[in-house]
Structures are given as structure tokens and as C-alpha cells.
Amino acid sequence: MSIWDVLGIEATSDTSIIRKAYARRLRIHHPEEDPEGYQHLREAYDAALKQAPQLTPEKLPEEADNGAIEEQHTPMNTAALHKDLAAMVMEEAADPIHLFIAELDNIYQDFSLRLDSEAWKQLLNHDVIWNVERSKELQYALVSYLEDHHYLPKSIWQQLDTLFHLQEDRENLLDDFDDAFVEYIVIQIQGMTELRYDCFARNPIAEQDAEHYLHLRERAQDLLMHNEPLAAADYLNAAHVIYPHDPDLQLMRGQCHLMQDEDTAALACFSAAIMLGPEDHEGYWYRAQILFTQQDYSAALTDVNHILAADPKHTDALSLKGRSLLELGQIDQARETLKASNQQDIYHIHSYMYINSAGNRHRYGKAHVPPAEKRRVLRNGILFDTMMVLRLSWLYILIYVVLQLFFDVHLIYTGLFAAVLLWNTWKTIRAHRVLIT
């Protein structure tokens, strides 16, 4: 059998293909479970890397000795062969990189250890990590392992990134590993779609269920991000049966119900998320929006006040609080709250709309407004109206500018362009007047 048969690929000069094939076969021929198969695989891998520079597109595989593994030993009796093989396997098993991966596997397979920062601290002080000469080899072994064992807290991903420079070496990793997995690593390190692990410390999960649960949870998140709530619901329901104590799972269940216009079911899920993680504001925010939609303005106000107690500059919460106060008839407080929201972000659409609505003299009466406040509101109104006109007209502006640069534009097109701008300006002003009168 040739080395290429052992690796399961055609003869190639591309070392990245050879490394990927070796990583795939390594899952089948584990050093501890199949030492003889592993030894043959390692010999094939080393021989393939050695032959790769000699292979060119013009050179046929058979010219490279058909990839045959050279005989390393002189004839000897079977006992001697086994003894020699066992010694080689023991030498490989004692390799610092293999020892590191074995220790990593011990931590990963024991879910309680996987969440133990002290266990990771000891592992990441392993001597081989500081061996500069083998850093690339160790990085490759680590990422190969993580391909099939990647359910880790964000803090662990960040520690691995600090030591192994995973984000920094992203381009090199793309040569050796699947593009989607490399992007997954970066996303996990940056925590852009973080699913937390704190709940497992408060309410331990059965060891035999942990990996399956984490798979269901992550798969459901991916489906929700791709706007597939029906498919996500199956995974969320299966995960909920296994472990209902995860606030992130309850938040996803609530979002899934919202995407299907099931507000009552979503409300129950967000309430469950708040009970499981009262320090987390996301559940309060979702629940407040549903309560406002259901016209339970006092309850919505309670939830947004909880958010604002921790984050007084939360623009969306300030806006929703002002809208709730408006509906409850507390006009002066509503105006002040919406003004604070508008000051945080003058382009925040809801704040802008409702601060004008709060000044509607027919609906709410007209309170005394200081001159400085009048000037500020006028300035912000002009800026917002300008932004709205540009938002409505940007495509026409772009086309007109391009035509002016490259063609001799007839006066009639300039007139049409001016008419479009005037029409969009009139629509914006009219909408503004409806809000304030």
C-alpha cells in the first residue's frame, strides 16, 4: 500500500492537503487505540511531506516511487518487529505535543474540569507551549483537536488565542483548515455570538448530556441567525427537555416565538430568562417591548427602569420609557425622558418621533420651553430632516453626480432632479408638521 493510499489522497505536492488528510486519518488511527495503524499513518505522513517538494504537475506519481514507503528495517523475526514498533509508539506517546493534547482531552471530556479555570491554568503552563521551535506544530495539533471539540467558554477561547495567536495567524490557518471553521474560531474569540456557560456552575448538567446539549443550543442559534425559526424550534425544544436552566436558551426560545408572532409564549420565555439570570438586561428589554405592545405600560415601565438603573444611557430604554410615560399621561416626565434619549442620539428615530409627538399642542398642551431648548430642538430637527431627505434621495443624487461627471446633462434632467429633491423635502417637512401639530 502506498503512502497516498494510507493518507487517502492522490499524490500531491500541496503540503496543506497532506496535513489535512493526516488530521482526518488521525481521528481513525488514534495513538492509544490503534498504535500500529497510527505508526503506519505517521510514516506515510512524514514520507509524503518529504516527497512533496519533488513532485511537479509534469511528474507522474509512479516516478516518485509510486509513493511507496521505504522499508526501514532489515528482515528480523516477528517478536523483534513488534518490540521495535512498541518502542516507536512509546516514543511518539511521550512527545510533548501528544502529551499536551492528551491532557487537553482529559479536561475537555470531563465537563466539570472544562469549566474549571484552575485546570486550564495548569494546562496552559505546559512546557511545550513555550518551545518556540515547535509552536507551529503545536498550533496545528491544537486546532485539529478543536475541530471536533469546540464547545468552550469565551474566556477559554481568548486564553487560547493569547497563547497560540489564532486570530493573528488566521490567513495561515485558512491554508490548513476549513474556512468556515477558521471563521468560527474568530467569532468565538471575539464573543460576537457568545453562548454563556455560567448557568452550568449554578445548575450542573448531567455529564452524559453536556456535549449533546451544547450542540443543540449552538445549532439552534445558527438557525435563528439565518431566520429559520421553525427548524430552530426543533433544536430548542430538544435542548429544553435536557436542560431548562440556561437563560441563553430561554432567550433564544423567546426570540423564536417572536419570529413566529407568538407574543404570549415569547413573554413566558423572557420571564423565565429573567428568573434564571436577573442580572442580564436582555430579557428585560425583550419583555418590556412585548408589554408595551400589549398596552401594559406600567409593567413595561418597570422593566425599562430596571435596565436604566444599571445603564442610564441606554438610548432604546430611554425612548421606550418616554413612550410608556406618554401613554400613561405623564407628559412632563415623558418629554424630559425623550429629550435625554434624543441627546444620546439625535438620529434615533423613535426618540425623534416621540419627542415631537410629546410637543403636540393639540394632544398634550404646550408647556413653557426655554429659548436655549427651543434652539437645540430646532437644530436637531434640521439635522434630522436633512438626514431623512438624503436618505430618501441618495440614489438620485448619486446618479445625477455621475451623469454630470461623464456626460453633458440636459437642463431638463437637472429640473427633474431638483423636482425629486423638493418632493422628498416636502414629504419630510409634512411628516414633521404632523408630529408637532
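Q: Among contacts in the protein chain between residues at least 6 apart in sequence, what percentage join residues at least 24 apart?
A: In this predicted model, 61% of the contacts between residues at least 6 apart in sequence join residues that are at least 24 apart. The secondary structure of the chain comes to 24 helices and 0 strands, and 41% of its 437 residues count as buried.

Q: Which members of the largest nonpolar core touch the most other members?
A: In soluble globular proteins, nonpolar side chains tend to be buried together. Here the largest nonpolar core has 56 residues, and those touching the most other members are Phe100, Leu152, Leu160, Phe164, Leu166, Phe200 and Tyr213. Once its neighbours within four places in sequence are set aside, Phe100 is in contact with Leu123, Leu124, His126, Val128, Ile129, Leu138, Leu142 and Phe164. Another core, of 26 residues, lies apart from the largest one, and its members include Trp285, Ala317, Leu325 and Leu338.

Q: How many of the 12 residues of H8 are buried?
A: Burial is counted residue by residue, with under 20% relative accessible area as the cut-off. In H8, 9 of the 12 residues are buried, so this helix is largely enclosed by the rest of the structure. The buried residues are Leu138, Gln139, Tyr140, Ala141, Leu142, Val143, Ser144, Tyr145 and Leu146, and what covers them includes helices H2 (15-26), H5 (96-109), H9 (154-164), H10 (170-176) and H11 (179-190). As for length, H8 (residues 135-146) should span 16 Å at 1.5 Å a residue, and its end C-alpha atoms are 16 Å apart, which agrees.

Q: Which residues of H11 are buried, and what covers them?
A: The buried residues in H11 are Phe181, Val182, Tyr184, Ile185, Val186, Gln188 and Ile189, and their cover includes H8, H9, H10 and helix H13 (207-225). H11, with 12 residues, reaches 17 Å from its first C-alpha to its last, close to the 16 Å expected at 1.5 Å a residue.

Q: At what angle do H16 and H17 pack, and how far apart are their axes?
A: A helix pair can be read from its axes and then from its contacting residues. H16 (residues 263-276) and H17 (residues 281-293) pack at an angle of about 150 degrees, with their axes 9 Å apart, and H16 passes H17 in a left-handed crossing. On the H16 side the contact involves Asp263, Ala266, Leu267, Phe270, Ser271 and Ile274, which meet Gly283, Tyr284, Tyr286, Arg287, Ile290, Leu291 and Thr293 of H17. The residues of this contact divide into 8 nonpolar, 3 polar and 2 charged.

Conventions. Residues numbered from 1 in each chain as written. Predicted model: local features only at pLDDT ≥ 70, side-chain atom pairs only at ≥ 80, totals over all residues. Heavy atoms only, no water. Axes fitted to C-alpha atoms, helices over the stretch in contact; angles between N-to-C directions. Helix = DSSP H or I, 4+ residues; strand = E, 2+ residues; numbered from the N terminus. Left-handed = near helix turned anticlockwise from the far one by under 90°. Contact = heavy atoms within 4.5 Å. Nonpolar A, V, L, I, M, F, W, Y, C, P; charged D, E, K, R; others polar. Core = buried A, V, L, I, M, F, W, Y, C linked by side-chain atoms within 4.5 Å. Buried < 20%, exposed > 50% of the residue type's maximum accessible area, 1.4 Å probe, protein only. Expected span 1.5 Å × (residues − 1).
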